[in-house]
Amino acid sequence: MLNFSELYPCSNQARMAQLLDGMWKFRFDPEEKGLQEGWQHKLPDPISMPVPASFSDFFTTKEERDYCGDFWYETEVFVPREWEKQEVEIRFGSITHRAGVYCNGSLTTTHEGGFLPVIARVTDHVKFGEVNTFIVKANNELNEESLPCGATAVLSDGRKLARPYFDFFNYSGIQRSVWLVSKPIESIEDYSVEYELNGEDAVVHYEIRTNGNHEVSFELFDEEKQQVAKCTGRQGSVIIPKAHLWNVGKAYLYQAVMRIWNGETLIDEYSSKIGIRTVKIEGIEIQINGKAVYLKGFGKHEDFEVIGRGFNWGVLKRDFECMKWIGANCFRTSHYPYAEEWYQFADEEGFLIIDEVPAVGMMRSTRNFADAGTGKFTRFFETPTVPNLLKAHLQAVEEMIVRDKNHPSVIAWSLFNEPETTSEQSKDYFTTVFNAARALDPQKRPMTGAFEKNSQPEICQCYQLCDFICLNRYYGWYIKGGPELVDAREAFLIEMNKWKDKNLNIPFVFTEFGTDTLAAEHKLPSIMWSQEYQNEYLDMNFEIFDQFDFIQGELVWNFADFQTTEGIMRVNGNKKGIFNRARQPKSAAFVLKKRWESLD
Ligand SMILES: CCCN1C[C@@H](O)[C@H](O)[C@@H](C(=O)O)C1
């Protein structure tokens, strides 16, 4: 169990949450001298740095844009005397990839993993009624013992360089919002909800975890703020007659209000929106509230000009508007858990999410996208680093499921993206991961992972772990592209018939298929990288998908163009977007809109 509460900050009569986003102080530390020079107390000669944001794209030099190593942030916050009898925490939505958090010069916590919250209890270090200094020592180096996997090179001038085993830029920094939180000494630390549907009625089973022994109450209010249920006890079940169900494209959110009481005196209160719905795999169907749903949408990235992987409400709003316009109903948080606000908004808008842990790059290839399908095996799971990697993987899975388990939008957990899955060692490794994940989700949602082309049905050792199978396939792009599209179709059909012949009777979802396409390129007849080719490629894929009833979803790669490490196969980033990086549609967006609206 985690030794901190991941509950999203809220303010009420018992708690306060102060947002600390804004301009912080910042400094690179390439010589790693900060600690011995006392930077944990104060940064010398700092520059300014927006939070939340990646630091890379603000700069005009390559050394700063591509910086790899230690770096520091600092901010000052007044802590009111009224908080003196409370617990005080500082909560980062994430710090990429690892961090130590200091309060007035004292180390309060460390955290490994750049895509889940970092929470530090600072009660014993803050000065109430005074200005306090918070400092973060961070690092963005990649290795094979932490997620996502990669390596760190050292250039001839001594600078470190990230060598990702994945196809997205190693953006880093304090990329999500930061809060200063005060809450009672005895507080609500976590809660979970599970649902049962009985005709028009629903049963909400709840469990509340606190750090004390006082009585706990649970109430539910509908969207008209009318109380529809009330119960006492740390766990219980409440019946909701004629419940309003949460559904795809038709969200309905109740407000759950949890309180700790000392007799009539309120000790703590925490409230959160919940959506009553069930998720189930039934044969080849993915069922929401007992009804089959075909997933239409995208693999995405948290990525935008200038702010890199930084969270921004405006980008979130535009992305959801584009996804609604095109007729999508689902996205995968490729290749890492996104900022919580994405799930909150998906809850509001009735979108489905496949929530993915940052287990990407587990095949030791910077260009796995090119090596996939070449039979290039690197025996990734036979190396001495695997035990530590497994620890980091299990920690990330736990933090992701604990953080996201109450979102109705989350319908499945993706526990990897394109690892090697053809060895006994990979089977043992992922069996451990899947078993751990299953024990963590009170709602028992489906578990899956995204397989690349080497994971062929006759040699893959891990598809058997999945409740539904996600395939990333590029027939017509990395395999038999351009003039060979007709052969790509044949090869694709051969593979899909091999999967069909296994009679697995479970759903398959395509979580990646796509082509790099320059928004300015038109060519008649088509040529790879032209918009015409992207459309021809998509049409071929759809013709294959429509031949197999067990294919229950198509999530195109990618929603939008995004930044990657530079290289001969990337034109200022990955151009497989259906929208360009500014979220303007390529011609394929209209092809998808037409298809997806017809699938409704
Ligand atoms: C086998 C393909 C893996 N896939 C991973 C994803 O992160 C890349 O961006 C994508 C691509 O090449 O566009 C390929």
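At what angle do the axes of helix H2 (residues 313–326) and helix H3 (residues 340–349) cross? The legends below describe close-up views of a predicted model.

**View 1. Crossing of helices H2 and H3.** The two axes cross at roughly 40 degrees and come within 11 Å. The crossing of H2 past H3 is right-handed. On the H2 side, the contact is made by Trp313, Val315, Leu316, Lys317, Asp319, Phe320, Glu321 and Lys324. H3 contributes Glu341, Trp342, Gln344, Phe345, Ala346 and Glu349. By class, these residues comprise 7 nonpolar, 6 charged and 1 polar.

**View 2. Helices H8 and H9.** H8 spans residues 531–545 and H9 spans residues 587–598. Their axes come within 8 Å and cross at roughly 25 degrees. Because angles under 35 degrees count as roughly parallel, H8 is described as roughly parallel to H9. H8 passes H9 in a right-handed crossing. From H8, the residues in contact are Gln531, Gln534, Asn535, Leu538, Asp539, Phe542 and Phe545. They meet Ser587, Ala588, Val591, Leu592 and Arg595 in H9. This contact has 6 nonpolar, 4 polar and 2 charged residues.

**View 3. Surroundings of the ligand.** The ligand is surrounded by 14 residues, and the closest are Asp167, Glu418, Tyr478, Glu512 and Lys576.

**View 4. Polar atom pairs between the ligand and side chains.** In the side chain of Glu418, an N or O atom is 3.2 Å from a nitrogen atom of the ligand. For Trp557, a side-chain N or O atom is 3.0 Å from an oxygen atom of the ligand. The side chain of Arg570 also has an N or O atom 3.0 Å from an oxygen atom of the ligand.

Conventions
Residues are numbered from 1 along each chain as its sequence is written. This is a predicted model: local features need pLDDT of at least 70, side-chain atom pairs count only at pLDDT 80 or more; totals for chains, interfaces and linings use all residues. Side-chain values use heavy atoms; hydrogens and water are left out. Axes are lines fitted to C-alpha atoms, for helices over the stretch in contact, and angles run from 0 to 180 degrees between N-to-C directions. Helices (H or I, at least four residues) and strands (E, at least two) are DSSP runs, numbered from the N terminus. Angles under 35 degrees count as roughly parallel, over 145 as roughly antiparallel, 65 to 115 as roughly perpendicular and the rest as oblique. A crossing is left-handed if the near helix is turned anticlockwise from the far one by less than a right angle, and right-handed if clockwise. Contact means heavy atoms within 4.5 Å. Ala, Val, Leu, Ile, Met, Phe, Trp, Tyr, Cys and Pro count as nonpolar, Asp, Glu, Lys and Arg as charged, and the others, Gly among them, as polar. A residue is near a molecule or strand if one of its heavy atoms lies within 4 Å of it. A polar contact is a pair of N or O atoms within 3.5 Å; within protein, one must be able to donate a hydrogen and the other to accept it, and residues adjacent in sequence count only if both atoms are side-chain atoms.
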